[in-house]
2 protein chains.
Amino acid sequence: MGCPGYRFAVLHCGLKKGDQLDLALIVSEKPAVAAAVFTTNKFPAAPVIYGRRQLAVAMPISAVLVNSGNANACTGDQGVADVKQLAKELSSVLSVPEEQIFISSTGVIGEPLPVDMIAASLPRFPDLLSASGLPAAATAIMTTDSQSKTCSVSLQLSTGVVHLCGFAKGAGMIEPNMATMLAYLLTDAAIDCSRLQEILKRVVDKTFNRISVDGDTSTNDTVLLLANGVSGCSLACDADAKVFEAGLYQVADELSRMIVKDGEGATKMVEILVKNAPDRQAAEKISRTIAHSLLVKTAFYGEDANWGRIIAALGYAGVDLDPGRVDIWLDRIQVVADGQRCPDYREADGARVFRQDSFTITIDLHAGDGSFSLLTTDLSHEYVSINADYRT
Amino acid sequence: MGCPGYRFAVLHCGLKKGDQLDLALIVSEKPAVAAAVFTTNKFPAAPVIYGRRQLAVAMPISAVLVNSGNANACTGDQGVADVKQLAKELSSVLSVPEEQIFISSTGVIGEPLPVDMIAASLPRFPDLLSASGLPAAATAIMTTDSQSKTCSVSLQLSTGVVHLCGFAKGAGMIEPNMATMLAYLLTDAAIDCSRLQEILKRVVDKTFNRISVDGDTSTNDTVLLLANGVSGCSLACDADAKVFEAGLYQVADELSRMIVKDGEGATKMVEILVKNAPDRQAAEKISRTIAHSLLVKTAFYGEDANWGRIIAALGYAGVDLDPGRVDIWLDRIQVVADGQRCPDYREADGARVFRQDSFTITIDLHAGDGSFSLLTTDLSHEYVSINADYRT
């Protein structure tokens, strides 16, 4: 697990209790072309503000430092100054330009970042760097995650073989548009900056932006894609671009599914597919409303095929629809036809679907050609325990 | 507890298990002027469809039949025909015109209403009617409620004394715009129909529509206000109208607070007050987003004054705002000033606020004069238990 031209290191600097890893470093042997997608939250954390400025000027990235345990969010100008100071300190340790250092943070909001504590640990990094350190890095960025999340593929382009690997964290506060989720995608392909950004945006829209655990969008979240070109292989033709984008989709899709499966306290993974809505926006609104309904989520948890709750959520989603044309399926079992219970639907069939670890709810509005699919989880006792006790 | 000119009766017809009460009847000795507010859900239940038609033609109401245990929702044309048949059967039992009978249902969605079972019990009602039966009626309409909800006041108008009493049910699926909530408000004042509707709408907007347990809006919910005029006292002047509206507000406010306090598994009642937003809509959007955040609700439950979660929810509410101008208070403790943690905020102070059964979170945007206040609850283990096991 890894990617040519990238090395990784992790350590414990003291942000987390005990001796838990709380710092991860990625170093690219050549400055890498970078693309990123950031949170849409109106309170972007300091590293997001700082990172956006780097990406806005197409800054190549040579190193990525990620800390867990403190989000450096709602920390004002001092928070941004803290990011800058960390970049400066790491710059001298690694001998790379300060502006080529990308920084992410995840953890508690509103506490000042203990910069001196982190800076004091940075000189230990150079001796720890290793090409095989990606799994450890995936572990060091975890917060409430129960397991680390990594994925890699090799791709055959017309110009040769390139590699693509990624790791991510996130288990709660997971929602569209980048919730407390961090993902780092690394390739040795040679790709120019604007193309890299286009591809990343398309892939994120179909993967990380289609998962939802609790509907909470965080202040920090970031998907960063680096392409250092050490393979010497570029996207020489349209076919290469397609292969690369498909590979990136595969890695991003796998990582985002891992995040949903690891959703705080989740016992089920449920796809909400809305078809034939007036338009895509309407389909998305409905799927998110259903996915966020506490009554629907607790019914998943209770393995109770209470489709009335799905109907109720559909009805308050704020989308104009004709109730008399709505069909609903639980996997391949049709439960609602034309807005009413199917005459031949039997509770036992629905119950069998809901007892599975993973299933799909399909809502067909027969009102247009808009569709949207969202992956979500149930709401369990464990979710409440994790989030009622997070800081204690 | 009661109101001159109204009698009540309850019985068990078999919709609920064991011998639990599942039918309630209100009879007015004179046809009463009626006003109502119904759910905004796109899948209105059959009795809501039927009731809207009655109210649209200013039909006076002589009797109200409420069943619990079955919502008669998503039951199509048959569901509406079932309501009509029940009205007809009850009409002959009570000797009042069929069209003056108002019907409500609450319970499981999507099951056909067992009309024959209900109809068979109706002839038992006349012998059971009593002026003091309101508390029993409040009990018979309960579903997951842990206690019945009643309230009454007497009002001195220029024309004499009038009475106002009400009862309600609702504990989950509680959200703006009429969630699984039923409320019946009865007065012996003499008030014309359009005025009654105006007053009811204004009062509901400030009371029942400002509470939220889980953000789920139901298919059935209804607030019905009857004025039978048996006191002979009308609203003769503006001062009378004010006294009546204030009294109605008091009853509706009390009942809606009872619903929040009885929120499924709720251990806290929290007011989310958003001030100085660009406009009222923005303030409402923010207060609802915060009230619905699972992370905020679990922090209430965990008595963890994790204000970062409030900030995060504020940031994804979809309202344009300047993060650097936001202030947040927990009761009278200021925790955020100008978008950052207050220098003199101490965790212990926030923790003290969160340990109370009831407190207020105030968010000041300093961006206009829009404000909105919402009453909500925490999210507890008990909520998950209640809703995972509702039908089993």
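Cys193(A) is partly exposed, since 15 other C-beta atoms lie within 10 Å; a residue needs 20 or more to be buried and 12 or fewer to be exposed. Keep in mind that this is a predicted model.

**Around Cys193(A)**
- You'll find Cys193(A) in helix 6 of chain A, which covers residues 193-206.
- Setting aside neighbours within four places in sequence, Cys193(A) is in contact with Val33(A), Ala35(A) and Ala58(A).
- His381(A) is 188 residues away from Cys193(A) along the chain, and 45 Å separate the C-alpha atoms of the two.

**The nonpolar core**
- The largest nonpolar core has 266 residues, and the ones touching the most other members are Leu225(A) and Leu225(B).
- Again leaving out neighbours within four places in sequence, Leu225(A) is in contact with Ala34(A), Ala35(A), Ala36(A), Leu185(A), Leu196(A) and Leu200(A).
- Ala35(A) turns up as a contact of Leu225(A) and also as a contact of Cys193(A).

**Helices 7 and 9 of chain B**
- Helix 7 (residues 280-292) and helix 9 (residues 307-315) of chain B pack at an angle of about 135°, and their axes are 9 Å apart.
- That angle is why helix 7 of chain B and helix 9 of chain B count as oblique to each other.
- Helix 7 of chain B brings Ile286(B), Thr289(B) and Ile290(B) to the contact, while helix 9 of chain B brings Ile310(B), Ala313(B) and Leu314(B).
- By type, the residues of this contact between helix 7 and helix 9 of chain B are five nonpolar, one polar and no charged.

Terms used:
Residues numbered from 1 in each chain as written. Chains lettered and ligands numbered in written order. Predicted model: local features only at pLDDT ≥ 70, side-chain atom pairs only at ≥ 80, totals over all residues. Axes fitted to C-alpha atoms, helices over the stretch in contact; angles between N-to-C directions. Helix = DSSP H or I, 4+ residues; strand = E, 2+ residues; numbered from the N terminus. Parallel < 35°, antiparallel > 145°, perpendicular 65-115°, else oblique. Contact = placed C-beta atoms within 7 Å. Nonpolar A, V, L, I, M, F, W, Y, C, P; charged D, E, K, R; others polar. Core = buried A, V, L, I, M, F, W, Y, C linked by C-beta atoms within 7 Å.
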